[in-house]
Amino acid sequence: MSKAARIDLEAVEAAIRAAVLSAGADICTELLKATGKGRRSAQVICGCGQVMRSTGIERKVLTTVLGAVPFDRSRFECPQCGASRYPGDEELDISGTTRSPGVRRMTARAGSRQPFKEAREDLRVYAGIEVSPKDVERVAERIGETIAAWQRTENEALLAAAIPRSNEKTIPVLYVEMDGTGVPMVASAVEGRKGKQPDGSAKTREVKLGCVFTQTFTDAEGFPVRDPDSSSFVGAIETADSFSSRIEAEAVRRGLYEAEKVVVLGDGAVWIRQLVEMHLPRAIQIVDLYHAREHLSDLCRVLFSSDEKKMIHHRIRWWHDLDQGMVEKIINEARMRLPADAETRKKAEAELNYFNENKERMRYAEFRKQGFFVGSGVVEAGCKHIIGSRLKQSGMEWTVRGANAIIALRCLIHSGRFEEFWESRAA
Ligand SMILES: [Zn+2]
């Protein structure tokens, strides 16, 4: 090929894309001319009950994925209270914003995945959309809040309909996993709270994260296999009480009543135990094996701090006993080795207490025989990936409101429900 015939493909791509988008924006402008003005079949009614009067046409310029699109629509005003409405905006889902649904959706998605500044860069490079980092934050927050409200309504309906949809048990095992993870907060969000800082103050708030998934098969060795794409996540910075309803509703949505068996995996924390007793009473509770092992290691450190060989020896032995679910044996053996020093003894007894209270939830040999998962790896991965990788980056500080909006967005996207949410808005 001669040099003269060679084309600069990238320049051509960019030029054609710009031209196509511009033509698209023109088409969009034409299409919108039929919306939001002209004779209406029904009166426009104010929130106060009055019939509103048209005050003529007003233009707003929309930012769309095709570029700027002018939109002329009628404005209505209430003679009674002075409130205004734009029925055209309501029809197009652009009330109180100049950003089209398509732009808002992309913006929210980008802002949920990365810091707002980087999201803004990506939107510019990938989609040619110009927004400020603050815009990204506002849009992502607003959509996150809308998602949270949408889910509140959904959850209320799920919990109100306490009757099983059918008696057929179509899900062999439904798992519910829960965990907590700290997120760094602005000072005002942790004021007066107790925390792990040297002076007893707090820098973080706990996000409670829950995960629901199903399991149908075990592999050739009898190990459980999680059903592909079956995990969904819910979470928020909130009280154990609010979270209880949230996770119960999610379990109902995912088939709590259709499940033959329900297994709850957690770290043995008291709030999780109470939650299960109140909200998931027929569930089989299992303390995550790795948390239990961690506690055993701590116990060994307290009992044998002066003798490393003994410490390792007991740890190996007791881990083995733990695998067998022989918690009473561990407790009895440890009781005979309690240190004389009052302070250390107290620490050791606290650990023993943890095992004593959770022993029925640590029958690992039995759980394995039934083909259950004994580790809460899915929710822990969720804590890292859904919460940590976005909300715990260095230098970040969140308000409760901002964090919860992004958590709602990220949980929904990772549950594969973003599309569903968007369609419910359009309906
Ligand atoms: Zn009014």
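1. A salt bridge is here a side-chain nitrogen of Lys or Arg within 4 Å of a carboxyl oxygen of Asp or Glu. In this predicted model, D135 and R99 form such a bridge, their closest N and O atoms being 3.4 Å apart. Because D135 belongs to helix α5 (residues 133–160) and R99 to the loop between α2 (87–92) and α3 (101–113), the pair ties together parts that are 36 residues apart in sequence. Both partners are buried, D135 with a relative accessible area of 15% and R99 with one of 16%.

2. The count of salt bridges comes to 32, and among them is the one in which the side chains of K329 and D321 meet at 2.7 Å, N to O. Here K329 is partly exposed, with a relative accessible area of 33%, whereas D321 is buried, at 5%.

3. Another salt bridge joins the side chains of R363 and E328, at 2.9 Å from N to O. Since R363 lies in the loop between α12 (342–358) and α13 (364–369), while E328 lies in helix α11 (residues 327–335), this pair ties together parts that are 35 residues apart in sequence. R363 is buried, with a relative accessible area of 18%, and E328 counts as partly exposed at 35%. Salt bridges with shared partners also join R317, D321, K329 and E333 into one network.

4. Turning to the rings, the structure holds 12 aromatic pairs. For F243 and W271, the ring centres are 5.7 Å apart and the planes stand at 80 degrees, so the pair is edge-to-face. F243 is in helix α7 (residues 240–254) and W271 in helix α8 (residues 270–279), so the pair ties together parts that are 28 residues apart in sequence. F243 is buried, with a relative accessible area of 0%, and W271 also counts as buried, at 18% relative accessibility.

5. The rings of F421 and W422 are likewise edge-to-face, because their centres lie 5.6 Å apart and their planes are at 75 degrees. F421 is buried, with a relative accessible area of 1%, and W422 counts as buried at 10% relative accessibility.

6. The charged end of K208 sits over the ring of W271, 5.4 Å from its centre, and R425 lies over the face of W422, at 5.7 Å from the ring centre.

Notes:
Residues are numbered from 1 along each chain as its sequence is written. This is a predicted model: local features need pLDDT of at least 70, side-chain atom pairs count only at pLDDT 80 or more; totals for chains, interfaces and linings use all residues. Side-chain values use heavy atoms; hydrogens and water are left out. Rings of Phe, Tyr and Trp (its six-membered ring) pair if their centres lie within 6.5 Å; planes under 30 degrees apart count as stacked, over 60 as edge-to-face and the rest as tilted. Helices (H or I, at least four residues) and strands (E, at least two) are DSSP runs, numbered from the N terminus. Buried means under 20% relative accessible area, exposed over 50%, partly exposed in between (1.4 Å probe, protein chains only). A charge sits over a ring if NZ of Lys or CZ of Arg is within 6 Å of the ring centre and within 35 degrees of the ring normal.
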